[in-house]
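Reader: I have a new model open and a few quick questions. Can you walk me through it?

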Amino acid sequence: VFKANSHIRLNWKPKNWENMSTIQIRVIGNQKKTTVAIHHEKLLNAEQRAEMKEHWNEIMKKIGTELLR
């Protein structure tokens with residue numbers, strides 16, 4: 001699902017997983033700040049949640065680095 005000026009929502013499965021998960025990403029901003037909100041659901045357990053938390057933290061670091069160039 002793509003909703004202009006709102007969010008994108010998609011199914012996603014890393015290669016090493018057997019289950020499908022759902023990710024929703026929003027970019028919320030004003031003239032001074034922007035928030036990137038990532039909601040990841042249908043994770044099976046605490047291990048997958050920890051794996052995805054680390055994954056998305058790395059992605060956000062990369063985005064931050066690119067924005068500071």
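This is a predicted model: local features need pLDDT of at least 70, side-chain atom pairs count only at pLDDT 80 or more; totals for chains, interfaces and linings use all residues.

Reader: Fine. How many salt bridges are there in the whole structure?

Author: A search of the whole structure gives 3. One of them pairs the side chains of Arg-9 and Glu-41, at 2.8 Å from N to O. This pair links distant parts of the chain, 32 residues apart.

Reader: Which strands hold Arg-9 and Glu-41?

Author: Arg-9 is in strand β2, residues 7-12, and Glu-41 is in strand β4, residues 34-41.

Reader: Are those two buried, partly exposed or exposed?

Author: Arg-9 is partly exposed, at 28% relative accessible area. Glu-41 also counts as partly exposed, because its relative accessibility is 23% and the buried class is under 20%.

Reader: What does Glu-58 pair with?

Author: Glu-58 forms a salt bridge with Lys-61, and their closest N and O atoms are 3.4 Å apart. Both lie in helix α1, residues 46-67. They are 3 residues apart there, so about one helical turn separates them.

Reader: What about Glu-66, which residue does it bridge to?

Author: Glu-66 forms a salt bridge with Arg-69. The closest N and O atoms are 3.6 Å apart. Glu-66 counts as partly exposed at 46% relative accessibility, while Arg-69 counts as exposed at 76%.

Reader: Back to Arg-9. Which side chain makes a polar contact with Arg-9?

Author: The side chain of Gln-24 does, at 3.2 Å. Gln-24 sits in strand β3. So Arg-9 has a salt bridge to Glu-41 and a polar contact with Gln-24, and Arg-9 itself is partly exposed.

Reader: Is Gln-24 buried or exposed?

Author: Gln-24 counts as buried, because its relative accessibility is 16% and the limit for buried is under 20%.

Reader: What else does Gln-24 touch?

Author: Leaving out residues up to four places away in sequence, Gln-24 touches His-7, Ile-8, Arg-9, Ala-37, Ile-38 and His-39.

Reader: Now Ser-21. Where is that one?

Author: Ser-21 is in strand β3, which covers residues 21-29. Ser-21 is buried, with a relative accessible area of 0%.

Reader: What does the Ser-21 side chain make a polar contact with?

Author: With the side chain of His-40, at 2.8 Å. Beyond its neighbours within four places in sequence, Ser-21 has contacts that include Leu-10, Asn-11, Trp-12 and Glu-41. His-40, Lys-42 and Leu-43 are also among them.

Reader: Leu-43, okay. Which residues make up the largest nonpolar core?

Author: Trp-17, Ile-23, Leu-43, Met-52 and Trp-56, which is 5 residues in all.

Reader: What does Trp-17 touch?

Author: Not counting residues up to four places away in sequence, Trp-17 touches Leu-43, Gln-48, Glu-51 and Met-52. Leu-43 and Met-52 are also part of that core.

Technical notes. Residues are numbered from 1 along each chain as its sequence is written. Side-chain values use heavy atoms; hydrogens and water are left out. A nonpolar core is a set of buried Ala, Val, Leu, Ile, Met, Phe, Trp, Tyr and Cys residues joined through side-chain atoms within 4.5 Å. Buried means under 20% relative accessible area, exposed over 50%, partly exposed in between (1.4 Å probe, protein chains only). Contact means heavy atoms within 4.5 Å. Helices (H or I, at least four residues) and strands (E, at least two) are DSSP runs, numbered from the N terminus. A polar contact is a pair of N or O atoms within 3.5 Å; within protein, one must be able to donate a hydrogen and the other to accept it, and residues adjacent in sequence count only if both atoms are side-chain atoms. A salt bridge is a side-chain nitrogen of Lys or Arg within 4 Å of a carboxyl oxygen of Asp or Glu.
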